[in-house]
Amino acid sequence: MSQNNEMHPRNPYRNKPPDFKALALEYPEFRKFCHYVSNGKVVFDFREDAAVRCLTKTLLKKDFNLDVILPTGHLVPRVPQKLNYCLLIDDILQANQLSKDVVGIDIGTGTSCIHALIGTRQFDWKFVATDGDENAVRSAHENVTRNNLDNSICVVHVNPTVKTVLMDVMNSMADREFTFCMCNPPFFEKWEKDDKFCQEPSVSNNTYSNRIDSDIRSAPHSATFATSAELYIDGGEISFVNRIIDDSVCLRDRIKVYTTMIGRKSSLKPLQQRLQRFGDDIKFIVSPLNQGKTKRWMLAWTFSKSISLTIERPVSLKCAKPGLMKVMQEINRLNGRVRQEAPSVIVAEFKSVTWTNQRARRKATAILLESSAKRAKFNCSNVACEAMFGTGDGRDSFTNAGNFVSSEIIATDVPNLWDSSTQAYFPLPYGEVPRPIARIRIHVDSEDLSDTVYFDLISGSKQHLHQLVQYLKNLLC
Ligand SMILES: C[S@@+](CC[C@H](N)C(=O)[O-])C[C@H]1O[C@@H](n2cnc3c(N)ncnc32)[C@H](O)[C@@H]1O
């Protein structure tokens, strides 16, 4: 099942796959891989390696003004997923006021140098990009130079046979501190690579593809060609990430936020258990990185006590246009007060929670509206109520000397059981005005066919916010 609606909220490819027809019209090279079918639609064959390669090059050109070479026989990065990863890192940096003068390390940058190129173009980050493969370093360097990014990205060859991943490059820059590191490690163990991939001698002796003949496996939905260094490492991704964790224990705050992509769900548990062993010294988080039919994860950790890795995302709903207007109408119905802050931003304030227990409220209203003859059977009900009037000198207690205004005792049908209705004042400290129970900033992002409305809690309880959005979803979506 496609997971495009689970992409990062700021990812422009979220719910908006590339328009193949428009790309075919604009880019003649891309057009070669498109076929028109009878209904006028354009069909693109993801099972053809050259087509996937051309799609990535075209998207990088169109959406990031990047002109890249992607040598045949090497891994082709998927642009929406790479942008997702960068956006998750950007979330952490923004939340911790670390977005200025950002310098990152891209471990295993590959022939494309994709993370560093997107990070530089989109977020103005600077990079040291490393790789253990000389061909990858050469090609990555070429991509940096042809986009005039030599002042922002430095590509470094590292020795892939040493046990550490970060130490050599960090030792060679002993006076430098880095904002973050990122990595897309080789996923497989050697035996898994042999199981899942076959050699493609027509390309090179070191090229493998997932076009493997098998009775038990269905044909891949997208072609993957890659070299052995891109595909596997002794011990698979768990061992590679464990090497980064080991390095991080030595380097600690020299890199503020350590991150890596994880390709397999089964790797998450052992890696988290490893990080857990360091107790309070390390904070870590796992965030999903979903794109298309592929599920990946980002594992991030830090030694810094002042850095928070938890990202609060605005809660959102998608509805027909005009989304903001519809939400405003419902808020008015819920007795909320709305103030316009900008053309597509409002702030809503609620003095009480009116969106919960809607069914019970409707039932109670219906009972009240019924004729009194019918209502008679409901006129005596038992309501449990616990009221805390504070502690201290007794003046605010439930007595005539306290601050309650009236108290009514109502007899019930049950002997020795009374209902009590009490009205009381809770005075505020001098000069303080009553605060709304919830204040929410609401803004709308307009798309072609629908609107996405985002809800950001300014003050109040998160639970109330989620209940309100669920209530609005039930009505509007
Ligand atoms: C899965 S590929 C990722 C390429 C690119 N970053 C991407 O996401 O498309 C893994 C890369 O890690 C490189 N690599 C393997 N061992 C390494 C090491 N010890 N240090 C740096 N890079 C290494 C490989 O040469 C390969 O280019």
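This is a predicted model: local features need pLDDT of at least 70, side-chain atom pairs count only at pLDDT 80 or more; totals for chains, interfaces and linings use all residues.

Residues are numbered from 1 along each chain as its sequence is written, and side-chain values use heavy atoms, with hydrogens and water left out.

**Entry 1: the ligand**

Which residues are the closest to the ligand? I find 19 residues around the ligand, and the closest are Lys82, Gly108, Asp131, Asn184 and Glu230. Sorted by type, the shell gives me 7 nonpolar, 7 polar and 5 charged residues. My sorting takes Ala, Val, Leu, Ile, Met, Phe, Trp, Tyr, Cys and Pro as nonpolar, Asp, Glu, Lys and Arg as charged, and the others, Gly among them, as polar.

Next I looked up polar contacts (a pair of N or O atoms within 3.5 Å; within protein, one must be able to donate a hydrogen and the other to accept it, and residues adjacent in sequence count only if both atoms are side-chain atoms). Lys82 puts a polar side-chain atom 2.6 Å from an oxygen atom of the ligand. The side chain of Asn184 has an N or O atom 2.8 Å from an oxygen atom of the ligand. At Thr109 a polar backbone atom is 3.3 Å from a nitrogen atom of the ligand. Taken alone the ligand exposes 590 Å², and the protein buries 96% of that; the areas are Shrake-Rupley with a 1.4 Å probe, and for residues only the protein chains shown count as cover.

I also checked which elements give two or more residues to the shell: β4 (126–131), α9 (228–231) and α10 (236–251). Helices (H or I, at least four residues) and strands (E, at least two) are DSSP runs, numbered from the N terminus.

**Entry 2: helix α15**

I moved on to α15, residues 462–476. Its 15 residues reach 21 Å from first C-alpha to last, close to the 21 Å expected at 1.5 Å a residue, where the expected span is 1.5 Å times one less than the number of residues. Leu465, Leu468, Val469, Tyr471, Leu472 and Leu476 are its buried residues. They sit on the same side of α15 because they cover an arc of only 155° around the axis, taken from the directions from the helix axis to the C-beta atoms. On the other side of α15 I see Gln463 and Asn474 exposed. My cut-offs are under 20% relative accessible area for buried, over 50% for exposed and partly exposed in between (1.4 Å probe, protein chains only). At the start of α15, a side-chain oxygen of Ser461 comes within 3.2 Å of the backbone nitrogen of Gln463.

Most residues other than glycine have a negative phi, and most peptide bonds are trans. Where is Asn65, with its positive phi near 50°? I place Asn65 in the loop between α3 (49–64) and α4 (79–95), partly exposed at 49% relative accessible area. Asp101 also has phi near 50°; this residue lies in the loop between α4 and β3 (103–107) and is exposed at 73%. Lys321 and Pro322 are joined by a cis peptide bond, omega about -10°, and Pro322 is in the loop between β13 (315–320) and α12 (323–333).

His74 is in the loop between α3 and α4. Is His74 buried or exposed? I have His74 as buried, at 11% relative accessibility. The C-alpha atoms of His74 and Phe225 are 5.8 Å apart, with 151 residues separating them along the chain.

Methods. A residue is near a molecule or strand if one of its heavy atoms lies within 4 Å of it.
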